[in-house]
Amino acid sequence: MEESGSVDSVESLFSVPLHCIMFFCVQVYKDPSKGELPLLPEELVQDSAKDVTYICPFIGPVRGSLTVTNYRLFFRCTDREPVFGLDLPLGALSRAEKIGAATSRGDVSYGLVCKDMRNLRFVHKELEDSLKKSAFEVLMKFAFPVSNNMSLFAFEYKQVFPENGWKVYDPLAEYKRQGLPNESWRISKVNDHYELCDSYPAALFVPVTITDEELRRVFSFRAKGRIPVLSWIHPESQAAVVRASQPMVGQNGRRCKEDEKLLQAIMDANAQSHKLFIFDARPSVNAAANKMKGGGYESEDAYQNAELVFLDIHNIHVMRESLRKLKEVVYPNIEESHWLSNLESTHWLEHIKLILAGALRIADKVESGKTSVVVHCSDGWDRTPQLTSLALIMLDSHYRTIRGFQILLEKEWLSFGHRFQQRVGHGDRNHTDADRSPIFLQFIDCVWQMTRQFPAAFEFNEYFLITILDHLYSCLFGTFLCNSEQQRLKEEVPKRTVSLWSFVNSQLEEFVNPLYVHYPSHVLFPTVGIRHLQLWVTYYIRWNPRMRPQEPVHQRYKELLAKRAELQKRVEELQREAANRTASSSSERAGSPTRSITPVQTFV
Amino acid sequence: MLSLGSGGAKSTKPSFVSYVTPEEIKAEKDPPKKEKHPDLLPGEVEFCSANPILKYSQDDLSQHGVFGTLFCTNFRVTFISDETPQEKTAKTFKNKLYGEKNDIPLMCVDHIYGVYDEKRKLITGGLVKNKYPSKMIIHCKDLRVFQFCLTFTKEEDAKKIFQGIAHHCLEEKSLKCVFAFSYMGTPSPGTDLSFCREMLRKQETIMFDSPEDWTQEMKRTKANCRLVIENKNFELSQRLPKYFVIPLAIGDLFSYQGKGLPIWCWSHYSGCALFKASFPPVTQEDGDFQKHLETMINAVAHNYLYSVKTEDLSESLPNIQDIQQSYNKFKQFFLIENSTDFWLSDVKWFSSLESSGWLDIIRQCLQKAVEVVECLEKDNTNVLITEEEGTDLCCVISSLAQIMLDPYYRTLMGFQSLVQKEWVAGCHAFLDRCNHLHQKDKECHSPVFLLFLECVWQLVQQHSPAFQFSETYLTVLSDSVHVPIFSTFLFNSAHHREGVMKAESPLAQSGPLSCPTVWDWSVQFDSKAQNFFYNPLYSEKVKHEKAVRKPHKPKHQRQLSLPSTAFKTPLKKGFFKDETDSLKKMLQVKRLSRWMGSPDSPAATTREFYESWQHRPVDYHGLLLPCLDGPAVRVWMQRYLRWIPEVYILGGGSVAMTTKLMELLSQVQDLKRVLEQRDTSQAAKIDHRPYIQHRLLSFGSSGRLSSSFPFAYTRNRSFKPIIPTGLMQRLMVTDSLASQEDEASSVASFV
């Protein structure tokens, strides 16, 4: 009686404004009979409460117990079959707040807005006269450790994995793979201690014809000192992908001799073309507006052989707003009759299209035009890595392997200072921070679109991408902490935390796409028409039980792979048996089957 | 800046004609002028031709083209290039009757536009008098678009060819002019062999044109109904099938020309069954007829447990005109004439889709089918679906429900038998609905059969492993409707078919002639190409794998359609008590609230039904339900996007996945074979499936195929990306966010 009463009262109380503070996820627990919380090393239960009600937008209120640890929030439903658990890493919380005042019955209700496209809402009894902190306070404390001067859970977590993910990326080895240094490109130690640009990596590749002295002058001409440096070089044509930030041209049209020389040198390093393409990711209006603030873009006068192209991609604020709208459209319920126009009104796929189209143009210039390109936006740490890394995935099949993709993220995103801490807001209570933006999510979405278009070209599967996104927020691993390489070294992140790649590479089979075919020199040109772009339902709408995917195709592949392995084993057994039994007489018969199975072994 | 639609001739580009000067034409024409003629099919006759005609190449943005001769025959419009034919590329998937690149079967022509003085006009029959357009644009029913320039040829030739094509494609004609009647009159070489093969195939696909077929089907589904043979000579009704099955309880067959007669579709293993009937609207005065209908409903109720639910589809679903209108809007998005149009429409893609309402109609049909399934499967109630004719939406809904309930219909042969049962023998008016004869009466045209295929495609894409056939199969089937060879889609009813076929037979003593049915796929595709009809993902039923298959006697697999624990079998209530009373009540309820008598909206209850099904483990040989939420209902990409070069994914698309899968499957088979060799004692148990099935493509080349494969197969396409134009046309971000700076410092004040 009382139970239902409490729920009703809460319902009536909050039917008013709180539009998006509803929630839920159903995760059927692997072992529902136990339903116990599987604690990670160093994970400690901080508080727990019984008789908590979940207001689930899909199945209605459910009752159960709530546990808060220093890593996660765990709700176990007790009044339903099958038993299910809700497991939310606290890092995924964007905002948590009490809804309304406590009622006369002493119920409190609070809503949690999550970074992973769901909102959760709980109701439970407030303990009267308790000296103990309420579950909500405990939650707030551990959900936003940075705001509470505590350290993130990643710094406590001490799981040991057989693989060490921090060793995945070695910049020099990666550049060596690309054939660098060579006669045109050298490594510069000018930023060895991050003194010239604290958001850039230590190892920078620049044309040999430019001296470090000249480079120093360029640093002051590019926004945040993010000078044009090499990202990737085409193994045959030597056309290079170079990244930078905007030039500090300003209203007066400032020029920098050394910067001009640098771009000329970049062009000269590629004998195949007498042109250089500069891709400015911004809409031209925004690029022009930046002149007011000292920024701008390369003028044709100053850069004679360069052609400037604007890619019309919007800024972080537009993207944040677009995702917010998308969440409104997909969570919790989908309005059937206007689904398509609602989706269109979020512009999310249109942004994806623009980013992919931009990357496609870059890849096309490099591959078909054999021309070197310079890519920049304003600061060169948001749109620029989106574009360069997507173009690199199109151009270089290495980045489509699991390890290659890890290297790509480590290089283009982490070492070149995408501001993960700011964009994600790890452990930070300030959810309205205008620096937050789903730039990285958008990039992963673009990669997903490509995996859909080329189902056999990527070594990793969808689960790999979702895992990356889940741990982008979870704060379990150190990989996505901090804003730059320099900060990560200062915080000793590699020493004090576990890398996500340690986890991933220790159980690779989970993430392998069984359809993968390795074509070494295969350039991918995706089609960017919106007709071929899809909303990533299995990510954005995964909390909706109705959108649960049917047995995924991969399941069937796995079955096939297993079946094949089993058969193979049997063949081997039989061969051995046959060989033992009739070692001499039937040797030729044993020979033929062996031959017929050799192609199989090539891609197990 | 860019114009759209019918006024599209004005473009920012210089006129397309200017790309080729007359001098150039001469130069190109110079090589020895050999008269070229199309390879005619048996019975095909050439009407007229014109040369030189410039055919714009579709996959080129720059409006270039090839010169050649344009022919019009009694079967098709065909274009033969003047250029020496390229070495015959070994195309894996080729239609034997017509080529996708240069042939348009007359029946496949949807609209013809003429460009007069830069203005595009829709050509209707009457318009064709003296003038001929400079450019002729043909939109096909299979969504291909052809553009021919007529200005280079002699005026009279141009006039002749244009008028000829317009006449044969647009003017109303009689059924006898359809090519099938010329085609079948010609005995094809090696008749005996092909005849035998056809017989074999026929055995596999049940045609439902004999009492035995129906008896067999009733046996398979354990139906307890009555086979009616009294309509053998269509004495009962010309709108009813020759043979059909009705509830046992019906005594009087001969009243009201079979109107209201419940035709049996399928029986659930519980005993309840699905019936369809034609229920004309009843007026108040017509008390007798009303009574008749009630007797009929009563008879359905008697089939099992005195329960019946009736659903008037003409009330709850869009009518055939709505369907036609919606599809007309929808298909326009895919009839792309140039890349500027393409990128312009790309921006508005989702809202355009929504405005056509086509996906919504698909959703409604699937929803209705799920409701029917729910009644049969969960409530074990007899269902009677009705509409005025009983041969349009009744066919859609009953076929869909059967596919969801009965795994047999998800096999290729089962599906074909289903189409025969519900659509062909079931008297769907293909001739009128497809408008094969270009009748002016627009009322009766409607792509109902296509709508059904669309719904099936949704099921296939959501539950691929449950279907033995592939989406390519469905696409080809949807194309075949417009190939005027097959008896399957040419008639309005069984009576119509028989009448025409008998009359057409020149040799009366040898019995009625038969033109091929569409199920004789060898008419269109060789066996290698037919392999594309099979879905490599199909999870075959383990149980039956070892058994020797008897295609003509498929076992009813319905025992598996539900794990028996999921739903309790209904109590045998109401069987003896108060039956008349409860029945009366029920019938009254039925008239008042049509469906289920419950105030809950059908959507809400089916939602629950879907969710309870969803929580059960996946069983591809059991009940299958579609997810109907917005993102789950999609556009049939293969059918609609296959001719649009802008969306080709070079080296990608599902073909990449399919080839890989086939590779895996064939490896598993290899290994099995090896095992078989090694282990002769167990050889009997090893699967003897046909081996060829999974060896379709040379896998090395699959990397260069495009997503449109196996259609629009262009090997020598340049491998370059398609870069969109006019990206920023509409993405207007109106708020102040767009102008904000990315930097943290400058946005500190932003809240």
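A: Let's start with a pair of strands: β7(A) and strand β8 (residues 119-125) of chain A run antiparallel to each other, paired over seven bridges. Keep in mind that this is a predicted model. The two strands make a hairpin, with four residues between β7(A) and β8(A). In that turn sits A:Met117, which has a positive phi of about 70°.

On its other pairing, β7(A) is joined by five bridges to strand β6 (residues 93-98) of chain A, and these two run antiparallel as well.

How enclosed is β7(A)? Eight of the eight residues of this strand (residues 107-114) are buried, so the rest of the structure largely encloses it. That goes for both faces: A:Asp107, A:Ser109, A:Gly111 and A:Val113 point one way, A:Val108, A:Tyr110, A:Leu112 and A:Cys114 point the other way, and all are buried.

Further along chain A there's an open sheet of five strands with mixed pairing, in the order β11-β12-β15-β13-β14. The edges are β11 (229-233) and β14 (306-310) of chain A; each has a single partner strand, so one side of each has no neighbour in the sheet. From one strand to the next, the twist averages 25°.

β11(B) runs antiparallel to strand β12 (residues 273-278) of chain B, joined to it by four bridges, with B:Trp266 opposite B:Leu274 in β12(B).

Now for some helix packing in chain B. The axes of helix α12 (residues 393-405) and helix α15 (residues 448-462) of chain B come within 9 Å and cross at roughly 20°, so α12(B) and α15(B) are roughly parallel to each other. Among the contact residues are B:Leu400 of α12(B) and B:Phe452 of α15(B). Helix α11 (residues 358-377) of chain B meets α12(B) at another angle: their axes come within 8 Å and cross at roughly 55°, and α11(B) and α12(B) are therefore oblique to each other. B:Leu400 is one of the α12(B) residues in this contact too.

B:Leu400 and B:Phe452 turn up again in the largest nonpolar core, which has 317 residues: they are among the members that touch the most others, a group that also includes A:Phe405, A:Phe440 and A:Tyr540. A:Phe440, for its part, touches residues including A:Leu409, A:Trp413, A:Phe420, A:Ile468 and A:Phe480, leaving out residues up to four places away in sequence. A second core of 27 residues is separate, and includes B:Leu70, B:Ile104, B:Ile123 and B:Ile138.

Terms used:
Residues are numbered from 1 along each chain as its sequence is written. Chains are lettered from A and ligands numbered from 1 in the order in which they are written. This is a predicted model: local features need pLDDT of at least 70, side-chain atom pairs count only at pLDDT 80 or more; totals for chains, interfaces and linings use all residues. Side-chain values use heavy atoms; hydrogens and water are left out. A nonpolar core is a set of buried Ala, Val, Leu, Ile, Met, Phe, Trp, Tyr and Cys residues joined through side-chain atoms within 4.5 Å. Buried means under 20% relative accessible area, exposed over 50%, partly exposed in between (1.4 Å probe, protein chains only). Contact means heavy atoms within 4.5 Å. Two strands pair if DSSP finds at least two bridges between them. Axes are lines fitted to C-alpha atoms, for helices over the stretch in contact, and angles run from 0 to 180 degrees between N-to-C directions. Angles under 35 degrees count as roughly parallel, over 145 as roughly antiparallel, 65 to 115 as roughly perpendicular and the rest as oblique.
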